Amino acid sequence: METMTHNNFSFHTIKEPSKKDVSLLKESFRFHPSIISELFRPTLHPKIELYEDHVFLVLRFPQFDKQKYHKLFASEIDIIIDKNQLILVQYQNFKALDTLLEQLKTNEELKKEFFQNNPGYLLYKILDYLFRSLYEELDHIGKRVNDVEGDIFEGHQEKMLQSISWYRREAIDFKRIIKPNVEIFKELSENINKLFGADIAFYISSTEAVVARLVSLIENHVETLHIIHETNVSLLSFKANEIMKRLTIFAVIVFPLTFISSIWGMNMLNIPFSDHPLGFWIMVGIMLGGAISMLSFFKFKKWI
């Protein structure tokens, strides 16, 4: 556990908590026992628990998995806050959080900015920074949406089908992770004034708006990718229908020609033109004339 102290309150951070870290929290602070028991492992869903003199928060942040292509994972942060300290527990890698914590250790001006009021204000500054950092992840998805939207009509529908499926999974995973945080912020902004007053509640409400904006944007991307997917499937279906139409027309033309050649190929007497010196060319002409007539009829009907 690492600790920073400024302006008469403390900020404690724990990464991948061990039994020793949890025991230290239990011995050092008078938090509700159910909170301590939950710190041994990730909770796997956002939540908020309100107590008389402290609040327990679980928030989740979508992060791209560098080890798995087109895969997002949820980085969970558990937060305990009271009037004298803010405790932050981190379970997975979170680049934005690691960067912020390092800057708070080395940048005195930034530390003064974040610690200028009370633990509630520090919580607001950290959460606002972390959720705003997700716009970079969202821009990454937005760029892919724009790319696939521009490529869909270039005749590569089969290849696009897989790409669209990947991008849809990214957008849906992002939405699935970020959206439950909205309800947590609503409850937090309505109750944190009991600990820190209306000013901090206003700040938390502003971060709630940031989260709601993230949800709105990702829902727009999900909807756009759904429409692009449907359009791509329609184009693939149209392409398949065009191929089937051409094959059907080819079969319709070839069948009577095959039928005629089969009849004239029978080993029987008195077959027309069988004894004629130009019989072969006459039959070829008849077959070509029939094929041209059918092609002209299909063209007249605008089937080809």
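**View 1. D98 and K15 join their side chains in a salt bridge, with 3.5 Å from N to O.** This bond brings together distant parts of the chain: D98 sits in helix α3 (residues 95–106) and K15 in strand β2 (residues 9–15), 83 residues apart. Here, a salt bridge is a side-chain nitrogen of Lys or Arg within 4 Å of a carboxyl oxygen of Asp or Glu. Helices (H or I, at least four residues) and strands (E, at least two) are DSSP runs, numbered from the N terminus. D98 counts as partly exposed because its relative accessibility is 28%, and K15 counts as partly exposed because its value is 41%. As a guide, buried means under 20% relative accessible area, exposed means over 50%, and partly exposed lies in between (1.4 Å probe, protein chains only).

Before you go on, a word about the model. This is a predicted model, in which local features need pLDDT of at least 70, side-chain atom pairs count only at pLDDT 80 or more, and totals for chains, interfaces and linings use all residues. Residues are numbered from 1 along each chain as its sequence is written, and side-chain values use heavy atoms, leaving out hydrogens and water.

**View 2. Within helix α5 (residues 119–151), look for D128 and R132.** Their side chains meet in a salt bridge of 2.9 Å, N to O. How exposed is R132? R132 is partly exposed, with a relative accessible area of 44%, whereas D128 counts as buried because its relative accessibility is 12%.

**View 3. E170 and R144 form a salt bridge between their side chains, at 2.1 Å from N to O.** Again the pair links distant parts of the chain, with E170 in helix α6 (residues 157–178) and R144 in helix α5, 26 residues apart. Are these two residues buried or exposed? Both E170 and R144 are buried.

**View 4. Three residues, E38, K47 and E49, are linked in a network of salt bridges.** Side chains of opposite charge can pair when their charged atoms come close. How many salt bridges does a search of the whole structure find? The search finds eleven.

**View 5. F238 has its place in helix α9 (residues 198–264).** F238 counts as exposed, because its relative accessibility is 52%. Where does D82 lie relative to F238? The two are 156 residues apart in sequence and 62 Å apart in space, C-alpha to C-alpha.
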